[in-house]
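The tour goes stop by stop.

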Amino acid sequence: MLPELGHFALILALLLAALQAFFGIAGPAFARERWTHAVTPALAGQAVMVVTAVVCLVNAFVSNDFSVLYVADNSNSALPLFYRVTALWGAHEGSLLLWILLLALWSVAVALRSSGLPPNFAARVLGVLGLVSFGFLLFTLATSNPFARLDPPAPDGRDLNPILQDPGLAVHPPILYTGYVGFAVAFAFACAAMLEGRLDQGWARWTRQWTTWAWAFLTCGIALGSFWAYYELGWGGFWFWDPVENASFMPWLVGTALVHSLAVTDKRGLFKSWTLLLAILAFSMSMLGTFLVRSGVLVSVHSFAADPSRGMFILVFLVIMIGGALALYAWRAPLLKSQAGFELGARESFLLFNNVLLVIAAATVLAGTLAPLISDALKLGTVSVGPPYFNPTFLLSMLPLAALLAVGIHAGWKRGRLEDSQRAILFSLLAAVVLACGLVFGIYRQGHVLTPIGATIGIWILISSLVDPLDRWRRGLSLSRAVLGMTIAHMGLGVAVIALTTVESFTVERDVALSPGQVAQVGGYELRFEGVKPIEGPNFDGVGGTFVVTHGGAPVAVMVPQKRQFWVQHQVTSETAITLSRGNNLLLALGDNLGAGRWSVRVQIRPLVSLVWLAALIMAIGGCIAASDRRYRSAPAAAVARGSRALAREA
Amino acid sequence: MNRFLVPLGVFALLVVVLVIGIRHSPDKGIIVSPLLGKPAPAFSLPSLLEPAHAVSSAELKGHWYLFNVWGTWCGECRAEHDMLLKVKAAGVVPLIGLDWKDDDAQAQAWLGQLGNPYQSVAVDRSGRAAIDWGVYGAPETFLVSPAGIVVYKHVGALDEATWTREILPRVQGGKI
C-alpha cells in the first residue's frame, strides 16, 4: 500500500509543481495578484508531497519490501540498516528522487527568506524553480518510477552495489546534489530578473548568498567523491578525469566564475549581462552533467545503468530550459547597460581575467569530455581522452589564474593603482620563492620543472591572501564575514596548489609480491607481510592481510588491507588500508593470491595528498562563512528601496 | 548580428552533438565490456555433464558460440531459461554455459528438470573464469565469433528483442 501512496504523492507533486510554475510566471505577467499569492501554497504542497514520497521509499527499504523493484535491485535483508537508508540514492531512480527532494527544500528555503523581495520578483523566482521541479518530476514518473512493483516479489534483494557500501559514498551524493541543485536558485533569479526586464545591484547581492552556499556544498561534495575514489576503488590517485567527475567539475568551475562576477555586479554594478549568462551556465552545466551521466552517451566507470530513452527525455528538457533561458537572455541582455568604467589594474579587470580563465577551463573540460562522442559521430574511430589531454590544458589556464590571484588580491576597486602595493607583491613573491625552493629541494631533493613553480604560486597565494586581513587587524579594523570567508577560501586554493604540485611530482607507486615473513622496501619504508586471515562481515566475507610498517626501523603502523567478497552480487571489492606518516599518505591495496601464501600488494606513497581534500574543505568552509555574512540578510530591504526609487524616477 | 545570440548558437551546436550521441548509444549496449572486439579469455574448465571431459576455448574456435553465465542461485537465470531453450531450438548458434559458483548436483538437477539448452557447460566453482570475462552479475551472455573475438555482450536475462535484433543479424550477416 505504502509504495502506491508514494507513487500517488509524486503525481500530486507533479501537478502542484505545474501550478507553482504557472502561478509564479503567469501571475506577475498578467498582473493577477491572486495568482501571484497562490505560488507559495503550491510550493508548500509540492514539498510536502515530495517528502511523503521519499518517506514511503525509505520505509520500503527499511522494512525490506522486496515487492518494490527498486528495493529488490538495491538492497538485501543482510544489508546493515544505515546502508538500507542510503541505498535510496544507490541507483538511478532514487538519485532522481533525492534531486527532486533537494530542489523542493531549496525552493522552500528561498520562499521562507523572500519576505524582503518585491512580491512579483519572488513569485517569478519560485515559478522558475517550479518549472525545474516539474521537469524532473515528469522525468521520474515517465521513465524512472522508483515505486514500480515486482510481481511475484523477490525472496531477497540483489543487494546494494558493494562499492557503494561505504560511509564516504553514503553521504557524498546528498552533499554533491545540494550543490548541483543550489545553482538552480541562481538560475531562477537570473530568469526572474530577465522576465522582469530589470536587474539592479540588489539582484546580485541577493543571488550571491545562494550561489555561495551552493558552491560550498559542491566543493565539499566533489572532495568527498574524490576521497572515496582514492580509498575505496584503490586505483591510486584522487582524480581520473572520468566523465562523471567532469560532470561535477564543470559546474564547479562555472560556479566559481559566477561567485566572482557576482561580487563585481554587487559592488560596482558592472558585468551585468555576463553575470546573468554565468548564472544560466552554472545550472546548465549541472543539468548537462545529469544528462551525460544518465543517458548512456558516455561510458564511465561509475555510471548507472543507462537508457537512451531517458537520454532523449533529458535532452528535450535541456533544450526547453537552457534554450529558453538563453533565448530570453538574447532578448533581454542588450537592455542592460553598465554605467561605470574601470581601469586596467583595478580589481575589476583581475576578476574579468579570473572569469575568462575559469570559463576557458570549463570549456576545455567539456571539450575533452565530449571528444569521444564527437569522434564517434564523425566516424573517426574511438578515441579515449585522458590525463595526457586534461592535465596540461587544465594547467595552462589554472596556473595563470593562481598567479593573477596573488597579484589581484592587492588591487582596489575602480582604479588601477597597483604601485601602492608593489612592495607587498614583491616581498610576498620573494618569500614564496624561498619557501617553495626550500620545500622542493630541501625536503624532497628532486623535482620536475613545474614543481618549484607550482609550489611558489601556492605559497604566494597563501601569503598574499593574508596581507590585507593582517593589515586590517593591525589597524584595529573589523573583518566582515564576507572578507574572512574570501580569505579562507583563497588560502584553501593556495593549499590545493601546493598539495597538487607535490603529489604529482613525488608519488611513489609499486606493486610487490610477498610471502609471509618477507619484507619489501618502498620509498624509505619497510613492509613486513605477516600473512592473511579470513574476515567476515554482515553481508560479505573475505581476507585481510597484515603488514607491519616501519621507517628506518621505527614502527609506523600495522596495516590490514582487505579483499571482500559480497555474497549476493559475488563482487570482490578491495578495502584499502591508509595511514598517515611523516606527511605522507601510505596506501596498501591487497592484490591477488599468487598461491602458496604469496600475495601481490600495491603500495602507494603520496606526500601531502591529504592536503588536497583538506584544501577543498577549507574552501568550502570559507564559502559558508562568506555566505552567512549579515550584509546579504539586510539586502532585500535595500533592494526594495532602490527598486521603488527607480520606479519613482521613471514616473 | 546580436552578440547576445552567441550563447544560444553554441548551445544549439552542442545539442546537435548530443542528439548524434544518443542516436549512436543504443549500439553500445548498457554496460560496455572492455572485452568487445578483443579475443575471448582462454579457459579450460571441467564439464558439468561429462566430468571426465574439459570444456576449453581452444575447442570452440572456428564456430560462433554464445557464452552464457548462470547459476542455480540466480533468480533471473530461471526467467531466462525458456529463452535459452528457444535459442537451442533455433539451432543457429550453440550455447556454452558457465555454471558460476554453483553446486554441481544442484546444477545437474536444474538442467534435468528445466531442460538443457547448452551444448556443454563449464564449471567455474572459484569464480576465477567469470572474473576473466569481467562478469558483473548473472545472467550475462557473450557472443563470440569464429575467430574467437567477443562481438557482443548482453547483461541480464536474454530476451526475444536482443536475440532477433542483436545476435541473429551478427551471426547470419556477419554484422559486427
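A cavity here is a set of points on a 1 Å grid over the protein atoms alone, where a 1.4 Å probe fits but cannot get out. Points join across faces, edges and corners, and the volume is the space filled by probe spheres set on them. This is a predicted model: local features need pLDDT of at least 70, side-chain atom pairs count only at pLDDT 80 or more, and totals for chains, interfaces and linings use all residues. Side-chain values use heavy atoms, without hydrogens and water, residues are numbered from 1 along each chain as its sequence is written, and chains are lettered from A and ligands numbered from 1 in the order written.

Select the lining of the second largest cavity, including Met194(A), Arg198(A), Leu276(A) and Arg332(A); lining residues have an atom within 4 Å of a point. The volume of this cavity is about 60 Å³. Its lining has seven nonpolar, one polar and two charged residues. (Ala, Val, Leu, Ile, Met, Phe, Trp, Tyr, Cys and Pro count as nonpolar, Asp, Glu, Lys and Arg as charged, the others, Gly among them, as polar.)

Next, select residues 387-408 and 450-474 of chain A, helices 14 and 16. Helices (H or I, at least four residues) and strands (E, at least two) are DSSP runs, numbered from the N terminus. The two helices pack at about 35°, with axes 8 Å apart. Axes are lines fitted to C-alpha atoms, for helices over the stretch in contact; angles run from 0 to 180 degrees between N-to-C directions. Among the residues that meet are Leu399(A) of helix 14 and Trp460(A) of helix 16; contact means heavy atoms within 4.5 Å. The contact counts eleven nonpolar residues, one polar and no charged.

Stay in chain A and select strands 3 (525-536) and 4 (540-551), antiparallel and joined by ten bridges. Strands pair if DSSP finds at least two bridges between them. Find Lys533(A) opposite Gly544(A).

Move to chain B. Which order do the five strands of its open sheet take? The order is 5-4-3-6-7, with mixed pairing. Strands 5 (120-124) and 7 (150-155) each have a single partner strand, so one side of each lacks a neighbour in the sheet. Finish on helix 3 (75-90) of chain B, which packs on the sheet and touches strands 3, 4 and 6 of chain B.

Definitions and conventions
On a 1 Å grid over the protein atoms alone, a cavity is a set of points where a 1.4 Å probe fits but cannot get out, and a pocket is an open set with protein on both sides within 12 Å along at least five of seven lines; lining residues have an atom within 4 Å of a point.
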